[in-house]
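Subject: Structure handover

Hello,

Here is the structure you are taking over.

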Amino acid sequence: MADLVNLTIDGRAVQVPPQTLVIDAAKTVGIEIPAFCYYEGLSLAAACRMCLVEVEKMPKMMTACTLPVSEGMVVRTETEQVKQARKYTLEFLLTNHPLDCPVCDKGGECELQDMVFRYGAGESRYTEEKVHTPEKQFSPVVFFDAPRCILCFRCVRTCNEGMGVGALGVINRGVVSEIGPNHGDHLECDECGACIDICPVGALTSGIDRYQTRPWEMTHVGTICTHCGDGCKTTLGTRNDRILRGNNRDRSGINGEFLCVKGRYAFDFYDHPERLQAPMVRINGKLEEVSWSKALETVAQKFKDTVASNGSFGVIGSNHTSNEENFYLQKFARQVLKTNNVDHQRTGDVVTLLDSLSGKTSKLGTVADLYQSKAVLVLGADLALEHPLLSYQVRANYRHHQAKVYVVTEKPVREDNYAAAKVRGRDYASLAGKLKAESELVILFDDSYKGADLRQLVEFAESLAIPVKFICLLDYANSRGAVDMGLTPELLPGYTPSGATGLHIDEMLAATLDVLWVVGANPLKGQKKAGFLVVQDLFLTETAQQADVVLPAASAYEKSGTVTNTTGEVQRLTQAVSTMGAKTDLEIMGFLAREMGAAPLLGPWVAETVFAEIRKTVHAYDVPLPVLATGGAAQTLPVNGRIPVDTRLDLVQSDHNGLFASGTLGRYSKVLNSVLENRLSR
Amino acid sequence: MTFSPQLEARFEKLLKSYPPGRQRSAMIPMLMYAQDEIGSVTDELITEVAARTGTTPLQVNEVMSYYSMLHRKPLGKFHVQVCTNISCLLHDGDKLYEHACKKLGIGHKEVTADGQISIEEVECMGACSWAPAIQVNYDFHHHVTPAKLDEILDRLKKKPV
Amino acid sequence: MLFNEPSPLETKVLTRRFGLPNSASIDTYLAHEGYQAFLKASKMTPDEIIGEVKTSNLRGRGGAGFPTGMKWSFVPRTSPKPKYIVVNGDESEPGTCKDRVLIENDPHQLIEGVLIAGLSVDAHAGYVYIRGEYRYIIEVMEKAIDEAYAKGWLGKNIQGTGFDFDLYVHTGAGAYECGEESALLESLEGKRGVPRIRPPFPAVVGAFQCPTILNNVETYCAVPAIIRDGGAAFAALGIPKSGGTKMTCLTGHVNRPGVYELKIGFPVKQMIEEVGGGIRNGRKLKAFIPGGSSCPVLTAEEVEGATMDYDSMASRKTMLGSGGVIIIDDQTCMVKAALRIMRFYSHESCGWCIPCREGTTWLKKILTRFHEGGGTRNDIVLIGDIAKNMLGRTFCPLGDAAAMPTLSIVEKFRHEFEDHLNGKPCPYEHSGTMVTV
Ligand SMILES: Cc1cc2nc3c(=O)[nH]c(=O)nc-3n(C[C@H](O)[C@H](O)[C@H](O)COP(=O)(O)O)c2cc1C
Ligand code: SF4
Ligand code: FES
């Protein structure tokens, strides 16, 4: 290729695009140049001096992390001089480093340890006193041990640049330089923990897992975060069937290494002391623990009797349960319970969007599009708080590609800081001139854009005469999957009209039904419910408290299956830990079906089998399995034609959860609560 | 925060000295001149300077903690800075510094009990050809001898601001 | 004000107006050829101006000695971005106190130099960065700028030339590192004085991300004379490839320390003996630092035949530097000198890169212990090794500035280290040299 630059690194021919840094060029041929401060995606620092290499015709060693390649360049990364420099730079680093590796959380996955092992000196010549300062707690999540800090400034850069928060800085100068938080002695930030993960040493540690485990004792399970609709992949570190840590340092998944406080730490609800571990049946007006067989039998009997007597059912599903569970639930309702009274809490108007895009292709934006598109328009949402990953992507796109970001929101938002234009209110049309000049655009909109407003938005976008993609913002981990899988009275899986209209969620709650079956939702807050109430959930929620039978369900971290995020990308859940007494919702439904003699009709309650059926029956869900199996995301377009139904726009209602809230689940997370309490106490 | 009219005027001029959108440039001068008036860089001042330069208090703190002339704690009304760097050292600047400490009974960056005088051992202040030198606030004194220093300190002890 | 008597051996080009009554005022300046060079330059093309500066063989007076004309020619004159002229008046290199004298006695000479630089690259604004300790110099500069505006030598359409120029003073706040050009620009932008990654150099991406000429005070001060009398005349004062005079700060153990303007190439021995009046108290020269504490030291023997210019010093593996000459007599402890110099660099290290931050502090600790008598023979080797491990590996030249003098002192005065071994109190500690002027 003509536009590649040719150079030689350690005698090997290398071809890379112009402007590539020598450190990255070396990677392409498997040569690793050591580095602490260089971090892909962040601004350059050239502070650690570990990456010094020899370059022919240059008088001094050069930092490979800042040196762009040039034609004919000859680089040597393993000469005596280079090795000597590395070794003694490490010696410098260790002069003030405490060497408390035996008690350091980072021991075993510490970049400093690894470097010293590979390049360092066996003995240190340093005999002077070390600088010592006590450890500090910056926030419920973030702890800082200054002497361990090697001042690579990765944390500061990831907070400023990656997160756009700027909560960490460098205080003092020279050898007493220190990383400092934004509020003198404490941090007020997103508590995302990115600084902790990116720290190459044990200087920043997390209040969640510190002193809990040695890194190598854990098993690492990649699965999908169960909180918001962005669908970040999270790698859970488990030991003895307990989740100890969450991160995504391997940069797998649609989020790379990004995670917010919920993705990284708020898995902790799973072992909350109030977690339900045994089924309960109301006996003499009181919920009492019973065996699974007794509970299942009670429910199955009630279901059978009601079907037999032509009684009425209401079924409310969840935004958190898997596609397989949602699919199975609506099939159960429609085919076994013979009802179309199936619904869930809708958090955005996907139906109108898909309908108005009918027949068109390439109109749905992905998480990756937000990083690549030349322009992005944010409508309504406070993206940084409600959709942290999407906001991160947009920010990274701005930083790395100077993308134009347009913001139309009621209140100031973080995106304002780098927006090409911002409008307060809803008058996006005032941006028409600017938007027309863009070469492409991704539009994100929240629940305040629905029905006619949304159709108007789509028309407006068409009128720009540039390629436009849309992202309908939805609240929870599988909000999108719930609609796609037909958890609405008017639509079957894949947006096929159900024909016979059933009751909507509010109608079910208002009506007197013989049986109301709630799977993973908490719709009853306050109001009393008549009829027989069956609830599957993790906790004794307001709804579960009123139930006649409560069936303890597994969380997303305790099951397999798939979920679909707000951009319509399907990803696979992997079970990280087993449950104590609870069962997955799929299993519970399967056992109920078996108990009712309906199992042959519904098929096996095995996630893979149900997914196989989804792939066959729901448009564009026949995604390549290897993609899912390898932790990838596959975009779906569950319909591509008109959707001739009336949807109840009044039911479209987002919870607008911020960073430290996650519906009912959030209330059971210690970390989210401690952050909130900490804020209040200041 | 309220400042004297002169300082406000200086701030106004400063903020206009830099290209549009570059008000951050005024941060260091603002801190310096405000410190002269207030006595130290207080939390309140940090917040104020951040607001006026379009930065965050953390950014101001990062900057102020870098520069050795900016300080969080109030110093004496008269801040006596003794240079002991090489050219002054060759003229016994170190002994001059010790002499001053002993005379005042305070050490590096300490303040006398009455808040009148503070002392600091400083790096080269650009008076090398007329060593040893000291600075009292912003005033230079050259070729300082112990006797001359005593005289200066005695005067400062009594001097109203 | 002058703090020392001038010497008859001086060649007064930059200091020609020193000593005149009210030498800092614009009236005095105008009465003595002031701003004539600017008017001349305003009729020249940028290439002609830069050509004249090139002909003068003027090399940067801030320490690195980079040819000034060449530096100016690197500025992309046709760039649509605004261009800036920045004056480095941070003057923090130990031993150096000349920029202070230049501004205090003749601030308009600096303004004129800046204006000519502005003409040469089509810049219309400039900043004089002055170290915070020089508050009274800042006041002198501000007053001169006000006068220049009042008399139409700054501002819009200067003297009908059609050239606009605004000049501002910016104060530092105590940081040697802010004398380093890219750290200075950071400081000018309201940031920590941490240097920038180079390239790009300030000529291309400087102040406010725009093309910038950045020179030392003395460098700009030489420009009016160059334009007025021609580059060749200035060049002729010096030696081949290095023209003009150098403001020289004699410090340390000489009888007449002070700031003197000497021709480039002035013999060192003559400078010490005749300009400086010889070593004080009849003592002998032990060590000589030609241009600020970051230069490697020379021994008395090495000084033989040396002249004050870039080549002579380079041939002795040291540098002309900033003009801060430090003269050390035979009763001085070189370990103590090395320690004091290292304490400075450790205090001033910005903390950004590992070898400088940790190396300076480690060396400071060893030298402190060593000087107190707690040193071992191994330490002597270690000191040299640490310095070598910093040299050429740090983010900016501050690391080199700390390493070079240390290396030269352990190499050349190793016996003094040995004399400190095994718990011996400092054998060189002298007393009673306090000046009593
Ligand atoms: C650590 C360090 C400190 C410096 N301090 C000063 C200084 O105080 N004044 C100065 O003019 N140049 C100083 N310099 C040199 C500047 O980086 C720069 O080379 C100079 O200002 C350019 O101007 P010139 O070409 O006129 O010399 C310093 C350099 C370093 C590395
Ligand atoms: S805390 Fe960690 S990431 Fe931050 S500068 Fe120190 S070593 Fe680097
Ligand atoms: S990776 Fe190049 S200096 Fe740190």
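The notes below cover domains, a hairpin and salt bridges.

Please keep in mind that this is a predicted model.

Domains. Chain B is split into domain 1 (5-66) and domain 2 (78-158). The C-alpha centres of these two domains of chain B are 29 Å apart.

Hairpin. In chain A, strand S1 (residues 5-9) and strand S2 (residues 12-16) run antiparallel and are joined by five bridges. Leu7(A) has Val14(A) in S2(A) as its bridge partner. Two residues sit between the strands of this hairpin, and Asp10(A) has a positive phi near 50°.

Salt bridges. Over all chains, the whole structure has 82 salt bridges. One of them joins the side chains of Lys469(A) and Asp369(A), at 3.1 Å from N to O. Lys469(A) is in strand S22 (residues 468-472) of chain A and Asp369(A) is in helix H10 (residues 367-372) of chain A, so this pair links distant parts of the chain, 100 residues apart. Are the two residues buried or exposed? Lys469(A) is partly exposed, at 26% relative accessibility, whereas Asp369(A) is buried, at 14%.

In chain C, the side chains of Lys151(C) and Asp27(C) form a salt bridge (2.8 Å, N to O). Lys151(C) lies in the loop between helix H7 (135-150) and strand S3 (166-171) of chain C, and Asp27(C) lies in helix H1 (residues 26-31) of chain C, so the pair ties together parts 124 residues apart in sequence. Lys151(C) is partly exposed at 41% relative accessibility, and Asp27(C) is partly exposed at 46%.

Glu358(C) and Arg357(C) also form a salt bridge, with the closest N and O atoms 3.1 Å apart. Both Glu358(C) and Arg357(C) are buried.

Regards

Notes
Residues numbered from 1 in each chain as written. Chains lettered and ligands numbered in written order. Predicted model: local features only at pLDDT ≥ 70, side-chain atom pairs only at ≥ 80, totals over all residues. Heavy atoms only, no water. Domains from an automatic or database assignment. Pairing = 2+ DSSP bridges. Helix = DSSP H or I, 4+ residues; strand = E, 2+ residues; numbered from the N terminus. Salt bridge = Lys/Arg side-chain N within 4 Å of Asp/Glu carboxyl O. Buried < 20%, exposed > 50% of the residue type's maximum accessible area, 1.4 Å probe, protein only.
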